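Visitor: Please show me how to read the features of a model like this one, step by step.

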Amino acid sequence: MIQTQKLTKIFKIKKGEDIPAVVDLTLSIPEGEVFGFLGPNGAGKTTTVRMLTSLIEPTSGTATVNGLRLGDDDQAIRRSVGILTESPGLYERLSAFKNLSIYANLYDVEDVDRQVEKYLSMLGLWSRRDDPVGSFSKGMRQKLAIARALLHEPPLLFLDEPTSGLDPEAASLVRSFIEELKGEGRTIFICTHNLNEADRLCDRIGIFKTHLIEVDTPANLRLKIYGRKVVFHLRELDPLWIDSIRELEGVQDIQSVDQKLVVGLSEPEKTNPIVIRKLVQLGADVQFVGELRHSLEDIYLQTMKTSGKEDVTL
Amino acid sequence: MKHIKTIIDKEWAEVFKNRMVLFTMIFLPLIFTVLPLVMLYLTGEGMGDMGGVNTADVPIEFLSQCDEGMTGGECMQIYLINEFLLLFMMMPIIIPVTIAAYSIVGEKTTHSLEPLLATPITTFELLAGKSLAAAIPAIIVGWASFGIFLLALPLIGVSSAVIRYIAGPTWLLAILIAGPLMAVASVNLALYVSSRVNDPRTAEQVAALLLVPLFGLLFAQLAGVIVINVLVMLSFIGGMILLDIAMIYLGVSVFQRENILTRWK
(Lines give C-alpha, C1' and ligand atoms only; values in the text may rest on other atoms or scores of the structure.)
Protein backbone atom coordinates (compact mmCIF):
# COMPACT_ATOMS: atom_id res chain seq x y z
CA MET A 1 0.00 0.00 0.00
CA ILE A 2 2.85 2.38 0.87
CA GLN A 3 6.42 1.72 -0.20
CA THR A 4 9.13 4.30 0.30
CA GLN A 5 12.77 4.05 -0.65
CA LYS A 6 15.22 6.52 0.87
CA LEU A 7 12.57 9.23 0.87
CA THR A 8 14.17 12.53 1.83
CA LYS A 9 12.93 16.08 2.28
CA ILE A 10 15.31 18.94 2.84
CA PHE A 11 13.91 22.45 3.19
CA LYS A 12 16.02 25.23 1.79
CA ILE A 13 15.45 28.17 4.09
CA LYS A 14 18.07 30.57 2.80
CA LYS A 15 20.93 30.23 0.39
CA GLY A 16 23.25 27.63 1.82
CA GLU A 17 20.97 26.89 4.79
CA ASP A 18 19.30 23.50 4.56
CA ILE A 19 17.04 21.91 7.12
CA PRO A 20 16.65 18.14 6.75
CA ALA A 21 13.11 17.20 7.78
CA VAL A 22 13.03 13.58 6.59
CA VAL A 23 16.13 11.60 5.68
CA ASP A 24 16.33 8.22 3.91
CA LEU A 25 12.93 6.96 4.99
CA THR A 26 12.52 3.38 3.79
CA LEU A 27 9.23 1.88 4.79
CA SER A 28 6.72 -0.71 3.67
CA ILE A 29 3.15 -0.68 4.89
CA PRO A 30 0.90 -3.48 3.63
CA GLU A 31 -2.79 -3.20 2.86
CA GLY A 32 -5.07 -3.24 5.89
CA GLU A 33 -2.37 -2.30 8.39
CA VAL A 34 -2.76 0.44 10.98
CA PHE A 35 0.65 2.04 11.21
CA GLY A 36 1.58 4.42 14.01
CA PHE A 37 4.20 7.05 13.30
CA LEU A 38 5.68 8.29 16.55
CA GLY A 39 8.17 11.04 17.12
CA PRO A 40 8.75 14.29 18.98
CA ASN A 41 7.55 17.68 17.76
CA GLY A 42 9.45 18.74 14.65
CA ALA A 43 10.54 15.16 13.92
CA GLY A 44 9.24 15.35 10.33
CA LYS A 45 6.04 13.33 10.76
CA THR A 46 3.78 15.92 9.12
CA THR A 47 6.33 16.44 6.34
CA THR A 48 6.27 12.68 5.70
CA VAL A 49 2.47 12.72 5.49
CA ARG A 50 2.57 15.72 3.17
CA MET A 51 5.01 13.93 0.88
CA LEU A 52 2.98 10.71 0.86
CA THR A 53 -0.21 12.63 0.04
CA SER A 54 1.51 14.51 -2.82
CA LEU A 55 1.20 17.86 -1.11
CA ILE A 56 4.92 18.53 -1.24
CA GLU A 57 7.67 17.05 -3.37
CA PRO A 58 10.43 14.92 -1.90
CA THR A 59 13.97 16.20 -2.37
CA SER A 60 15.13 12.68 -3.23
CA GLY A 61 14.07 9.06 -2.95
CA THR A 62 11.02 7.30 -4.33
CA ALA A 63 7.65 6.18 -3.07
CA THR A 64 4.54 4.45 -4.26
CA VAL A 65 1.18 5.02 -2.61
CA ASN A 66 -1.71 2.73 -3.52
CA GLY A 67 0.48 1.49 -6.37
CA LEU A 68 0.86 5.02 -7.75
CA ARG A 69 4.26 6.61 -8.07
CA LEU A 70 4.93 9.82 -6.20
CA GLY A 71 5.82 12.64 -8.59
CA ASP A 72 4.24 10.91 -11.60
CA ASP A 73 0.68 10.28 -10.43
CA ASP A 74 0.21 13.01 -7.85
CA GLN A 75 -3.37 13.85 -8.71
CA ALA A 76 -4.35 10.18 -8.73
CA ILE A 77 -2.63 9.74 -5.36
CA ARG A 78 -4.59 12.64 -3.89
CA ARG A 79 -7.77 11.11 -5.24
CA SER A 80 -6.98 7.73 -3.66
CA VAL A 81 -6.09 8.83 -0.14
CA GLY A 82 -7.94 10.57 2.65
CA ILE A 83 -6.21 12.95 5.01
CA LEU A 84 -7.04 14.37 8.40
CA THR A 85 -4.71 17.31 8.77
CA GLU A 86 -3.25 18.37 12.10
CA SER A 87 -5.74 21.22 12.29
CA PRO A 88 -9.28 20.37 11.05
CA GLY A 89 -9.35 23.42 8.73
CA LEU A 90 -13.12 23.60 8.35
CA TYR A 91 -15.16 26.50 7.01
CA GLU A 92 -16.59 27.86 10.21
CA ARG A 93 -19.27 30.07 8.70
CA LEU A 94 -20.66 27.20 6.63
CA SER A 95 -22.87 24.35 7.80
CA ALA A 96 -21.55 20.84 8.39
CA PHE A 97 -23.47 19.67 5.31
CA LYS A 98 -22.03 22.42 3.12
CA ASN A 99 -18.50 21.74 4.37
CA LEU A 100 -18.76 18.09 3.37
CA SER A 101 -20.58 18.69 0.10
CA ILE A 102 -17.81 21.04 -1.07
CA TYR A 103 -15.24 18.31 -0.52
CA ALA A 104 -17.46 15.60 -2.00
CA ASN A 105 -17.63 17.70 -5.18
CA LEU A 106 -13.87 18.28 -5.19
CA TYR A 107 -13.33 14.52 -4.85
CA ASP A 108 -15.83 13.95 -7.69
CA VAL A 109 -18.10 11.81 -5.51
CA GLU A 110 -21.06 10.62 -7.59
CA ASP A 111 -23.98 10.94 -5.19
CA VAL A 112 -22.86 13.86 -3.06
CA ASP A 113 -25.95 14.21 -0.88
CA ARG A 114 -26.17 10.51 -0.07
CA GLN A 115 -22.50 10.24 0.79
CA VAL A 116 -22.58 13.34 2.99
CA GLU A 117 -25.66 12.03 4.77
CA LYS A 118 -23.98 8.64 5.28
CA TYR A 119 -20.97 10.07 7.11
CA LEU A 120 -22.84 12.74 9.04
CA SER A 121 -25.18 10.04 10.32
CA MET A 122 -22.35 7.60 11.02
CA LEU A 123 -20.58 10.18 13.16
CA GLY A 124 -23.73 11.36 14.93
CA LEU A 125 -23.77 14.80 13.32
CA TRP A 126 -26.83 14.50 11.10
CA SER A 127 -29.08 16.44 13.49
CA ARG A 128 -26.57 19.33 13.42
CA ARG A 129 -26.12 19.26 9.63
CA ASP A 130 -27.45 22.78 9.07
CA ASP A 131 -25.58 24.42 11.93
CA PRO A 132 -22.49 26.50 11.21
CA VAL A 133 -19.34 24.60 12.08
CA GLY A 134 -18.23 27.59 14.19
CA SER A 135 -20.81 26.50 16.78
CA PHE A 136 -19.38 22.96 17.04
CA SER A 137 -17.28 21.60 19.90
CA LYS A 138 -13.70 20.56 19.24
CA GLY A 139 -14.70 16.88 19.20
CA MET A 140 -17.49 17.48 16.70
CA ARG A 141 -15.14 19.41 14.43
CA GLN A 142 -12.62 16.58 14.56
CA LYS A 143 -15.33 14.07 13.68
CA LEU A 144 -16.44 16.26 10.79
CA ALA A 145 -12.85 16.49 9.55
CA ILE A 146 -12.59 12.69 9.69
CA ALA A 147 -15.85 12.41 7.75
CA ARG A 148 -14.39 14.78 5.15
CA ALA A 149 -11.38 12.49 4.75
CA LEU A 150 -13.68 9.52 4.14
CA LEU A 151 -16.21 10.97 1.70
CA HIS A 152 -14.56 9.47 -1.38
CA GLU A 153 -14.07 6.10 0.34
CA PRO A 154 -10.27 6.05 0.17
CA PRO A 155 -8.59 2.72 0.88
CA LEU A 156 -5.74 4.57 2.59
CA LEU A 157 -6.15 7.16 5.35
CA PHE A 158 -3.62 9.52 6.86
CA LEU A 159 -4.57 10.78 10.30
CA ASP A 160 -2.32 13.49 11.73
CA GLU A 161 -2.86 13.74 15.49
CA PRO A 162 -6.49 12.55 15.37
CA THR A 163 -7.18 13.02 19.09
CA SER A 164 -4.92 15.96 19.82
CA GLY A 165 -6.58 18.53 22.06
CA LEU A 166 -9.76 16.51 22.55
CA ASP A 167 -11.30 15.82 25.93
CA PRO A 168 -11.17 12.14 27.03
CA GLU A 169 -14.74 11.47 25.94
CA ALA A 170 -14.31 12.97 22.48
CA ALA A 171 -10.91 11.26 22.09
CA SER A 172 -12.49 7.94 23.00
CA LEU A 173 -15.25 8.46 20.39
CA VAL A 174 -12.66 9.26 17.72
CA ARG A 175 -10.57 6.22 18.69
CA SER A 176 -13.62 3.96 18.53
CA PHE A 177 -14.36 5.28 15.05
CA ILE A 178 -10.78 4.60 13.94
CA GLU A 179 -11.19 1.06 15.27
CA GLU A 180 -14.33 0.74 13.15
CA LEU A 181 -12.37 1.90 10.11
CA LYS A 182 -9.66 -0.61 10.94
CA GLY A 183 -12.38 -3.27 11.03
CA GLU A 184 -13.40 -2.28 7.50
CA GLY A 185 -9.90 -3.23 6.34
CA ARG A 186 -8.69 0.26 5.50
CA THR A 187 -5.00 1.01 5.68
CA ILE A 188 -4.41 3.76 8.23
CA PHE A 189 -1.27 5.81 8.81
CA ILE A 190 -1.52 7.61 12.16
CA CYS A 191 0.83 10.30 13.40
CA THR A 192 0.30 10.61 17.12
CA HIS A 193 1.80 11.81 20.36
CA ASN A 194 -0.57 9.64 22.30
CA LEU A 195 1.38 6.46 22.92
CA ASN A 196 -1.47 4.61 24.61
CA GLU A 197 -3.58 5.34 21.56
CA ALA A 198 -0.86 4.01 19.27
CA ASP A 199 -0.53 0.91 21.43
CA ARG A 200 -4.26 0.30 21.28
CA LEU A 201 -4.82 1.01 17.61
CA CYS A 202 -1.67 0.20 15.70
CA ASP A 203 -0.50 -3.09 14.26
CA ARG A 204 3.01 -1.69 13.89
CA ILE A 205 4.70 1.47 14.95
CA GLY A 206 7.61 3.44 13.55
CA ILE A 207 9.67 5.57 15.91
CA PHE A 208 10.96 8.50 13.95
CA LYS A 209 13.05 11.59 14.31
CA THR A 210 14.21 12.79 10.90
CA HIS A 211 15.40 9.18 10.44
CA LEU A 212 13.37 6.05 11.07
CA ILE A 213 14.82 4.65 14.30
CA GLU A 214 12.72 1.53 14.88
CA VAL A 215 9.78 -0.11 13.19
CA ASP A 216 7.98 -3.18 14.44
CA THR A 217 4.89 -4.36 16.28
CA PRO A 218 4.56 -2.99 19.83
CA ALA A 219 4.95 -6.56 21.17
CA ASN A 220 8.16 -7.17 19.23
CA LEU A 221 9.56 -3.82 20.28
CA ARG A 222 8.87 -4.68 23.93
CA LEU A 223 10.63 -8.01 23.43
CA LYS A 224 13.52 -6.42 21.57
CA ILE A 225 14.10 -3.68 24.12
CA TYR A 226 13.13 -5.24 27.43
CA GLY A 227 12.82 -8.95 26.79
CA ARG A 228 10.08 -10.77 28.76
CA LYS A 229 9.89 -10.13 32.44
CA VAL A 230 7.76 -11.85 35.07
CA VAL A 231 6.94 -10.33 38.45
CA PHE A 232 6.64 -12.66 41.44
CA HIS A 233 4.84 -11.02 44.35
CA LEU A 234 5.99 -12.60 47.63
CA ARG A 235 4.74 -12.17 51.19
CA GLU A 236 8.34 -11.66 52.30
CA LEU A 237 11.57 -11.62 50.33
CA ASP A 238 14.83 -13.06 51.61
CA PRO A 239 17.73 -11.51 49.58
CA LEU A 240 19.52 -14.85 49.68
CA TRP A 241 16.90 -16.38 47.41
CA ILE A 242 17.93 -14.14 44.50
CA ASP A 243 21.14 -16.04 43.74
CA SER A 244 19.31 -19.38 43.86
CA ILE A 245 16.78 -18.17 41.30
CA ARG A 246 19.49 -16.60 39.08
CA GLU A 247 21.14 -20.04 38.73
CA LEU A 248 18.00 -21.63 37.23
CA GLU A 249 18.01 -22.43 33.52
CA GLY A 250 16.17 -19.87 31.35
CA VAL A 251 16.58 -17.00 33.83
CA GLN A 252 18.26 -14.08 32.10
CA ASP A 253 18.32 -11.46 34.83
CA ILE A 254 16.72 -10.81 38.19
CA GLN A 255 15.95 -7.74 40.27
CA SER A 256 14.21 -7.24 43.59
CA VAL A 257 11.77 -4.42 44.11
CA ASP A 258 10.17 -4.21 47.58
CA GLN A 259 8.72 -7.67 48.18
CA LYS A 260 8.74 -8.51 44.48
CA LEU A 261 11.14 -10.35 42.23
CA VAL A 262 11.31 -9.15 38.62
CA VAL A 263 12.76 -11.99 36.60
CA GLY A 264 13.77 -11.78 32.93
CA LEU A 265 12.86 -15.07 31.25
CA SER A 266 13.35 -16.19 27.67
CA GLU A 267 10.32 -18.52 27.78
CA PRO A 268 8.12 -17.70 30.78
CA GLU A 269 5.60 -20.40 29.85
CA LYS A 270 8.32 -23.03 30.39
CA THR A 271 10.33 -21.42 33.20
CA ASN A 272 7.61 -19.95 35.45
CA PRO A 273 6.65 -23.30 37.06
CA ILE A 274 10.34 -24.04 37.74
CA VAL A 275 10.82 -20.62 39.41
CA ILE A 276 7.65 -21.02 41.47
CA ARG A 277 8.67 -24.52 42.61
CA LYS A 278 12.09 -23.22 43.60
CA LEU A 279 10.62 -20.28 45.52
CA VAL A 280 8.25 -22.57 47.39
CA GLN A 281 11.14 -24.91 48.12
CA LEU A 282 13.07 -21.94 49.55
CA GLY A 283 10.14 -21.17 51.83
CA ALA A 284 8.63 -18.22 49.97
CA ASP A 285 4.89 -17.49 49.99
CA VAL A 286 4.05 -16.67 46.33
CA GLN A 287 1.02 -14.37 46.28
CA PHE A 288 0.70 -13.41 42.60
CA VAL A 289 2.60 -13.97 39.37
CA GLY A 290 2.23 -11.70 36.33
CA GLU A 291 4.07 -10.68 33.19
CA LEU A 292 5.51 -7.17 33.31
CA ARG A 293 4.16 -5.20 30.37
CA HIS A 294 6.20 -2.12 29.56
CA SER A 295 4.18 0.76 28.22
CA LEU A 296 4.77 2.05 24.73
CA GLU A 297 5.98 5.23 26.40
CA ASP A 298 8.79 3.24 28.05
CA ILE A 299 9.66 1.70 24.70
CA TYR A 300 9.58 5.08 22.97
CA LEU A 301 11.75 6.80 25.57
CA GLN A 302 14.20 3.89 25.67
CA THR A 303 14.43 3.81 21.87
CA MET A 304 15.08 7.52 21.66
CA LYS A 305 17.67 7.28 24.42
CA THR A 306 19.59 4.41 22.86
CA SER A 307 19.43 5.98 19.40
CA GLY A 308 21.11 9.12 20.71
CA LYS A 309 18.07 11.30 19.88
CA GLU A 310 18.10 12.92 23.28
CA ASP A 311 15.20 15.31 22.74
CA VAL A 312 12.25 13.12 23.58
CA THR A 313 9.64 15.84 24.14
CA LEU A 314 6.34 14.53 22.85
CA MET B 1 -14.75 23.07 -14.67
CA LYS B 2 -16.71 21.35 -11.89
CA HIS B 3 -13.90 22.03 -9.42
CA ILE B 4 -13.73 25.72 -10.39
CA LYS B 5 -17.50 25.98 -9.93
CA THR B 6 -17.24 24.29 -6.52
CA ILE B 7 -14.56 26.74 -5.40
CA ILE B 8 -16.62 29.71 -6.59
CA ASP B 9 -19.67 28.30 -4.82
CA LYS B 10 -17.67 27.80 -1.61
CA GLU B 11 -16.14 31.26 -1.74
CA TRP B 12 -19.48 32.96 -2.28
CA ALA B 13 -21.19 30.89 0.40
CA GLU B 14 -18.49 31.89 2.86
CA VAL B 15 -17.62 35.41 1.81
CA PHE B 16 -21.17 36.68 1.52
CA LYS B 17 -21.79 35.68 5.13
CA ASN B 18 -19.26 38.34 6.02
CA ARG B 19 -21.01 41.63 6.83
CA MET B 20 -17.95 43.67 5.96
CA VAL B 21 -17.93 42.25 2.43
CA LEU B 22 -21.67 42.77 2.03
CA PHE B 23 -21.32 46.35 3.22
CA THR B 24 -18.57 46.98 0.68
CA MET B 25 -20.62 45.35 -2.07
CA ILE B 26 -23.85 47.23 -1.43
CA PHE B 27 -23.04 50.52 0.25
CA LEU B 28 -20.02 51.53 -1.80
CA PRO B 29 -21.60 51.10 -5.26
CA LEU B 30 -24.73 52.82 -3.99
CA ILE B 31 -22.75 55.90 -2.90
CA PHE B 32 -20.65 55.85 -6.06
CA THR B 33 -23.81 55.74 -8.20
CA VAL B 34 -25.83 58.30 -6.28
CA LEU B 35 -23.07 60.94 -5.98
CA PRO B 36 -22.72 61.66 -9.72
CA LEU B 37 -26.52 61.62 -10.09
CA VAL B 38 -26.83 64.23 -7.35
CA MET B 39 -24.13 66.31 -9.01
CA LEU B 40 -25.86 66.07 -12.40
CA TYR B 41 -29.22 66.94 -10.86
CA LEU B 42 -27.83 69.97 -9.04
CA THR B 43 -25.98 71.24 -12.09
CA GLY B 44 -28.83 70.53 -14.50
CA GLU B 45 -31.69 72.61 -15.85
CA GLY B 46 -32.78 73.70 -12.40
CA MET B 47 -29.67 75.75 -12.14
CA GLY B 48 -30.64 77.72 -15.23
CA ASP B 49 -27.80 76.50 -17.36
CA MET B 50 -25.60 76.58 -14.27
CA GLY B 51 -26.17 80.21 -13.66
CA GLY B 52 -24.82 81.41 -16.96
CA VAL B 53 -21.89 79.02 -17.32
CA ASN B 54 -20.62 78.93 -20.90
CA THR B 55 -17.92 77.04 -22.73
CA ALA B 56 -15.38 79.67 -21.75
CA ASP B 57 -15.65 78.38 -18.17
CA VAL B 58 -14.63 74.85 -19.19
CA PRO B 59 -10.87 74.12 -19.13
CA ILE B 60 -9.59 74.63 -22.62
CA GLU B 61 -8.01 71.14 -22.71
CA PHE B 62 -11.48 69.63 -22.26
CA LEU B 63 -13.33 71.56 -24.92
CA SER B 64 -12.55 68.93 -27.53
CA GLN B 65 -14.86 66.56 -25.61
CA CYS B 66 -17.86 68.85 -26.03
CA ASP B 67 -20.01 68.53 -29.14
CA GLU B 68 -20.65 71.64 -31.16
CA GLY B 69 -24.33 71.78 -30.28
CA MET B 70 -23.73 71.53 -26.50
CA THR B 71 -24.53 74.42 -24.20
CA GLY B 72 -21.89 75.72 -21.82
CA GLY B 73 -23.77 74.05 -18.94
CA GLU B 74 -23.79 70.65 -20.69
CA CYS B 75 -20.12 70.98 -21.49
CA MET B 76 -19.38 71.78 -17.85
CA GLN B 77 -21.52 68.79 -16.78
CA ILE B 78 -19.54 66.33 -18.88
CA TYR B 79 -16.32 67.88 -17.59
CA LEU B 80 -17.50 67.34 -14.01
CA ILE B 81 -19.00 63.90 -14.63
CA ASN B 82 -15.70 62.71 -16.08
CA GLU B 83 -14.19 63.04 -12.61
CA PHE B 84 -16.90 60.68 -11.37
CA LEU B 85 -15.93 58.12 -14.00
CA LEU B 86 -13.04 57.33 -11.71
CA LEU B 87 -15.48 56.38 -8.92
CA PHE B 88 -17.00 53.76 -11.20
CA MET B 89 -13.51 52.56 -11.99
CA MET B 90 -12.67 52.20 -8.31
CA MET B 91 -15.45 49.68 -7.73
CA PRO B 92 -13.77 46.76 -9.55
CA ILE B 93 -10.67 47.38 -7.44
CA ILE B 94 -12.16 47.80 -4.00
CA ILE B 95 -14.76 45.00 -4.12
CA PRO B 96 -12.51 42.11 -5.25
CA VAL B 97 -9.77 43.19 -2.87
CA THR B 98 -12.21 42.87 0.01
CA ILE B 99 -13.41 39.47 -1.17
CA ALA B 100 -9.96 38.11 -2.06
CA ALA B 101 -8.41 39.38 1.15
CA TYR B 102 -11.00 37.50 3.20
CA SER B 103 -11.09 34.39 1.05
CA ILE B 104 -7.34 33.85 0.89
CA VAL B 105 -6.09 35.20 4.20
CA GLY B 106 -9.15 33.56 5.75
CA GLU B 107 -7.99 30.16 4.45
CA LYS B 108 -4.64 30.83 6.07
CA THR B 109 -6.05 31.77 9.43
CA THR B 110 -8.44 28.81 9.58
CA HIS B 111 -5.81 26.36 8.23
CA SER B 112 -8.27 25.17 5.59
CA LEU B 113 -5.83 25.35 2.68
CA GLU B 114 -4.08 22.08 3.45
CA PRO B 115 -7.18 19.85 3.24
CA LEU B 116 -8.24 21.79 0.16
CA LEU B 117 -4.88 21.22 -1.53
CA ALA B 118 -5.00 17.55 -0.56
CA THR B 119 -7.99 17.06 -2.89
CA PRO B 120 -7.45 16.29 -6.60
CA ILE B 121 -7.97 19.96 -7.50
CA THR B 122 -5.23 21.43 -9.69
CA THR B 123 -3.48 24.68 -8.76
CA PHE B 124 -4.98 26.30 -11.86
CA GLU B 125 -8.51 25.28 -10.83
CA LEU B 126 -8.03 26.56 -7.32
CA LEU B 127 -6.52 29.82 -8.46
CA ALA B 128 -9.11 30.35 -11.19
CA GLY B 129 -11.94 29.57 -8.78
CA LYS B 130 -10.69 32.02 -6.19
CA SER B 131 -9.94 34.75 -8.72
CA LEU B 132 -13.29 34.42 -10.45
CA ALA B 133 -15.15 34.30 -7.14
CA ALA B 134 -13.62 37.65 -6.25
CA ALA B 135 -13.69 39.27 -9.69
CA ILE B 136 -17.17 38.27 -10.93
CA PRO B 137 -19.19 40.07 -8.21
CA ALA B 138 -17.04 43.18 -8.66
CA ILE B 139 -17.58 43.20 -12.41
CA ILE B 140 -21.31 42.55 -12.06
CA VAL B 141 -21.71 45.25 -9.40
CA GLY B 142 -19.69 47.69 -11.51
CA TRP B 143 -21.77 47.03 -14.62
CA ALA B 144 -25.04 47.03 -12.69
CA SER B 145 -24.20 50.34 -11.00
CA PHE B 146 -23.42 51.89 -14.37
CA GLY B 147 -26.65 50.46 -15.82
CA ILE B 148 -28.69 51.97 -12.96
CA PHE B 149 -26.82 55.24 -13.38
CA LEU B 150 -27.61 55.31 -17.12
CA LEU B 151 -31.28 54.50 -16.52
CA ALA B 152 -31.57 57.21 -13.87
CA LEU B 153 -30.09 59.95 -16.07
CA PRO B 154 -33.25 60.81 -18.05
CA LEU B 155 -35.32 60.58 -14.87
CA ILE B 156 -33.41 63.45 -13.26
CA GLY B 157 -33.62 65.55 -16.40
CA VAL B 158 -30.11 65.13 -17.78
CA SER B 159 -30.00 66.33 -21.39
CA SER B 160 -29.68 63.83 -24.24
CA ALA B 161 -26.33 65.37 -25.26
CA VAL B 162 -24.82 64.58 -21.87
CA ILE B 163 -26.40 61.09 -21.84
CA ARG B 164 -24.95 60.46 -25.32
CA TYR B 165 -21.50 61.39 -23.98
CA ILE B 166 -21.81 59.16 -20.90
CA ALA B 167 -23.05 56.24 -23.01
CA GLY B 168 -20.22 56.93 -25.47
CA PRO B 169 -16.94 55.12 -26.13
CA THR B 170 -14.81 56.67 -23.32
CA TRP B 171 -17.16 55.57 -20.54
CA LEU B 172 -18.03 52.24 -22.14
CA LEU B 173 -14.34 51.38 -22.55
CA ALA B 174 -13.76 52.36 -18.92
CA ILE B 175 -16.69 50.43 -17.48
CA LEU B 176 -16.87 47.39 -19.75
CA ILE B 177 -13.17 46.74 -20.43
CA ALA B 178 -10.93 48.67 -18.03
CA GLY B 179 -13.12 47.68 -15.05
CA PRO B 180 -12.77 43.89 -15.46
CA LEU B 181 -9.05 44.30 -16.22
CA MET B 182 -8.62 46.26 -13.02
CA ALA B 183 -10.58 43.62 -11.11
CA VAL B 184 -8.18 40.93 -12.36
CA ALA B 185 -5.14 43.00 -11.35
CA SER B 186 -6.70 43.72 -8.00
CA VAL B 187 -7.47 40.04 -7.25
CA ASN B 188 -3.97 38.93 -8.20
CA LEU B 189 -2.38 41.68 -6.16
CA ALA B 190 -4.55 40.65 -3.19
CA LEU B 191 -3.42 37.06 -3.78
CA TYR B 192 0.21 38.08 -3.79
CA VAL B 193 -0.15 40.29 -0.73
CA SER B 194 -2.08 37.54 1.06
CA SER B 195 0.90 35.24 0.76
CA ARG B 196 2.96 37.73 2.74
CA VAL B 197 0.57 38.84 5.48
CA ASN B 198 -1.76 37.20 7.98
CA ASP B 199 -4.40 39.86 8.39
CA PRO B 200 -7.17 40.49 5.82
CA ARG B 201 -7.12 44.21 6.61
CA THR B 202 -3.40 44.45 5.81
CA ALA B 203 -4.00 42.60 2.56
CA GLU B 204 -6.81 45.00 1.71
CA GLN B 205 -4.77 48.06 2.52
CA VAL B 206 -1.72 46.99 0.53
CA ALA B 207 -3.78 45.79 -2.43
CA ALA B 208 -5.63 49.11 -2.43
CA LEU B 209 -2.39 50.61 -3.74
CA LEU B 210 -3.91 49.90 -7.13
CA LEU B 211 -6.06 52.95 -6.53
CA VAL B 212 -2.95 55.14 -6.81
CA PRO B 213 -2.84 55.20 -10.64
CA LEU B 214 -6.55 56.06 -10.64
CA PHE B 215 -5.99 58.98 -8.32
CA GLY B 216 -3.09 59.93 -10.58
CA LEU B 217 -5.53 60.08 -13.50
CA LEU B 218 -8.02 62.08 -11.44
CA PHE B 219 -5.52 64.70 -10.33
CA ALA B 220 -3.91 64.86 -13.76
CA GLN B 221 -7.33 65.63 -15.24
CA LEU B 222 -8.18 68.18 -12.54
CA ALA B 223 -4.85 69.87 -13.13
CA GLY B 224 -5.55 69.93 -16.84
CA VAL B 225 -2.51 67.75 -17.61
CA ILE B 226 -4.63 65.17 -19.39
CA VAL B 227 -8.18 64.79 -20.57
CA ILE B 228 -9.76 61.36 -20.13
CA ASN B 229 -10.84 60.56 -23.67
CA VAL B 230 -10.90 57.45 -25.86
CA LEU B 231 -7.18 57.63 -26.55
CA VAL B 232 -6.27 57.98 -22.87
CA MET B 233 -8.65 55.17 -22.00
CA LEU B 234 -7.18 52.87 -24.68
CA SER B 235 -3.69 53.63 -23.37
CA PHE B 236 -4.90 52.93 -19.84
CA ILE B 237 -6.41 49.61 -21.00
CA GLY B 238 -3.10 48.71 -22.70
CA GLY B 239 -1.26 49.46 -19.45
CA MET B 240 -3.77 47.41 -17.46
CA ILE B 241 -3.32 44.42 -19.79
CA LEU B 242 0.44 44.52 -19.13
CA LEU B 243 -0.17 44.95 -15.41
CA ASP B 244 -2.62 42.02 -15.43
CA ILE B 245 -0.07 39.77 -17.10
CA ALA B 246 2.52 40.76 -14.49
CA MET B 247 0.04 40.31 -11.65
CA ILE B 248 -1.19 36.90 -12.86
CA TYR B 249 2.45 35.77 -13.15
CA LEU B 250 3.13 37.07 -9.65
CA GLY B 251 -0.05 35.49 -8.28
CA VAL B 252 0.71 32.09 -9.84
CA SER B 253 4.35 32.19 -8.75
CA VAL B 254 3.44 32.53 -5.08
CA PHE B 255 0.55 30.09 -5.32
CA GLN B 256 2.62 26.92 -5.31
CA ARG B 257 1.46 24.13 -3.05
CA GLU B 258 4.75 23.74 -1.24
CA ASN B 259 5.11 27.49 -0.67
CA ILE B 260 1.60 27.70 0.66
CA LEU B 261 1.97 24.82 3.07
CA THR B 262 5.46 25.48 4.32
CA ARG B 263 5.85 29.24 4.10
CA TRP B 264 2.36 30.70 4.50
CA LYS B 265 2.23 31.26 8.22
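Guide: Gladly, and let's begin with a term: helices (H or I, at least four residues) and strands (E, at least two) are DSSP runs, numbered from the N terminus. Residues are numbered from 1 along each chain as its sequence is written, while chains are lettered from A and ligands numbered from 1 in the order in which they are written. This is a predicted model, where local features need pLDDT of at least 70 and side-chain atom pairs count only at pLDDT 80 or more, although totals for chains, interfaces and linings use all residues.

Visitor: Which domains does the assignment give for chain A?

Guide: Domain bounds come from an automatic or database domain assignment. For chain A, that assignment gives domain 1 (2–216) and domain 2 (228–291). The centres of domain 1 and domain 2 of chain A, taken over C-alpha atoms, are 46 Å apart.

Visitor: What is the strand order of the open sheet in chain A?

Guide: Strands of a sheet pair through backbone hydrogen bonds, either parallel or antiparallel. Here, pairing requires that DSSP finds at least two bridges between two strands. The open sheet of chain A has six strands in the order 6-7-8-3-9-10, with mixed pairing. Its edges are strand 6 (81–84) and strand 10 (211–216) of chain A, each of which pairs on one side only. From one strand to the next, the twist averages 15 degrees; angles run from 0 to 180 degrees between N-to-C directions, and axes are lines fitted to C-alpha atoms, for helices over the stretch in contact.

Visitor: Which strands pair with strand 13 of chain A in the antiparallel sense?

Guide: Strand 11 (residues 229–234) of chain A pairs with strand 13 in the antiparallel sense over five bridges, and there A:His233 has A:Lys260 as its bridge partner. Strand 12 (residues 251–257) of chain A also runs antiparallel to strand 13, joined to it by six bridges; A:Ile254 is bridged to A:Val263. Strands 12 and 13 of chain A form a hairpin with two residues between them, and A:Asp258 in the turn has a positive phi of about 50 degrees.

Visitor: How many helices does chain B have?

Guide: Chain B has twelve helices and zero strands. Of its 265 residues, 43% count as buried. B:Leu176, in helix 8 (residues 169–194) of chain B, counts as partly exposed because it has 13 C-beta neighbours inside 10 Å.

Visitor: How many residues of chain A are in contact with chain B?

Guide: In this model, 25 residues of chain A are in contact with 21 residues of chain B. Helix 3 of chain A gives the most to the side of chain A that touches chain B, with five residues. Helix 3 (residues 96–106) of chain A packs with helix 1 (residues 2–15) of chain B at an angle of about 165 degrees, their axes 9 Å apart. These two helices are therefore roughly antiparallel to each other, a word for angles over 145 degrees, with under 35 roughly parallel, 65 to 115 roughly perpendicular and the rest oblique. Among the residues that meet are A:Lys98 and A:Ile102 in helix 3 of chain A, and B:His3 and B:Thr6 in helix 1 of chain B.

Visitor: At what angle do helix 1 and helix 6 of chain B cross?

Guide: The axes of helix 1 and helix 6 (residues 123–155) of chain B cross at roughly 40 degrees and come within 8 Å. The two helices are therefore oblique to each other. Residues making the contact include B:Ile4 and B:Trp12 of helix 1 and B:Leu126 and B:Leu132 of helix 6 of chain B.

Notes: Buried ≥ 20, exposed ≤ 12 C-beta atoms within 10 Å, placed from the backbone. Contact = placed C-beta atoms within 7 Å.
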